[in-house]
Amino acid sequence: MAGTGGRSWKRILLWVIGIAVVLFIVIQFIPYGRSSHSNPTATNPFQWADPQAEAIAKGSCYDCHSNETEWWWATNIAPFSWLVQRDVDEGRKNMNFSEFAGGPSAEEFAEVVNGGEMPPFQYTIIHRDAKLTDAEKQVLIAGYTAGLTASGASSETSPEPAPSATTTAAPTPTATADAVAVIGRRCGSCHPADQALAFHAGSEAEAQALIDSMVQRGAQVTPEEQQVLAQYFVR
């Protein structure tokens, strides 16, 4: 009797395996996730002001948030291909660095990146190098903020508040001259001076994020110089 029961379980297991194999083969004929693979030509690519931030974005964001998706061999195998296609479709819809037409504000972008929402967990499981360190997050945020400013896009999603008594005062000519001198000493080795001088932050937090990223990349900026730069960047 024991032998008969053992053969029965083996038979059931074989049936389950057989059905699973048949279903796996059948779903491969569903075109979704394979026929829709495409990388359209970039019509309005986001202009990164910092090459390092751009490299980080391309390694951690562009597979879903651009038209530069790497459709590797596993993206042709269902059901994995379905999940990848869904993430790419949603990613391009929410923000596409290849067709940039006003993405999230700098604050929203920073909140998502610092909160660990991007890149998503299911992506970093396979692409381990895409997981961002704290330093990389700050470089990416500062680079995105600078790119928004350089392109003329607002870093805010809501209208700017009316000037009030607490509005940050414009730097004096002396303060501006000091900032120009600091930028010349500390920023010129990595960035053209006019690029740094043109940067404008929408808030003190944005200005400090950029300064922090510079320090993390080796810029020798004293606390006093950081204060001068922060005042200049929020002018």
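Does Tyr62 count as buried or exposed, and at what relative accessibility? In this predicted model, local features need pLDDT of at least 70, side-chain atom pairs count only at pLDDT 80 or more, and totals for chains, interfaces and linings use all residues. Residues are numbered from 1 along each chain as its sequence is written, and side-chain values use heavy atoms, with hydrogens and water left out.

Tyr62 has a relative accessibility of 5% and therefore counts as buried, a term that means under 20% relative accessible area, with exposed over 50% and partly exposed in between (1.4 Å probe, protein chains only). The structure holds nine aromatic pairs, where rings of Phe, Tyr and Trp (its six-membered ring) pair if their centres lie within 6.5 Å, and planes under 30 degrees apart count as stacked, over 60 as edge-to-face and the rest as tilted. One of these pairs joins Tyr62 and Phe97, stacked at 5.2 Å centre to centre with 10° between the planes. Because Tyr62 lies in helix α3 (residues 62-65) and Phe97 in the loop between α4 (80-94) and α5 (106-114), the pair ties together parts that are 35 residues apart in sequence; helices here are DSSP runs (H or I, at least four residues), numbered from the N terminus. Phe97 is buried as well, at 1% relative accessibility.

The rings of Phe109 and Tyr144 are also stacked, because their centres are 4.0 Å apart and their planes at 15°. Phe109 belongs to helix α5 and Tyr144 to helix α7 (residues 134-151), so this pair ties together parts 35 residues apart in sequence. Phe109 is buried at 6% relative accessibility, and Tyr144 is buried at 0%.

Definitions and conventions:
Helix = DSSP H or I, 4+ residues; strand = E, 2+ residues; numbered from the N terminus.
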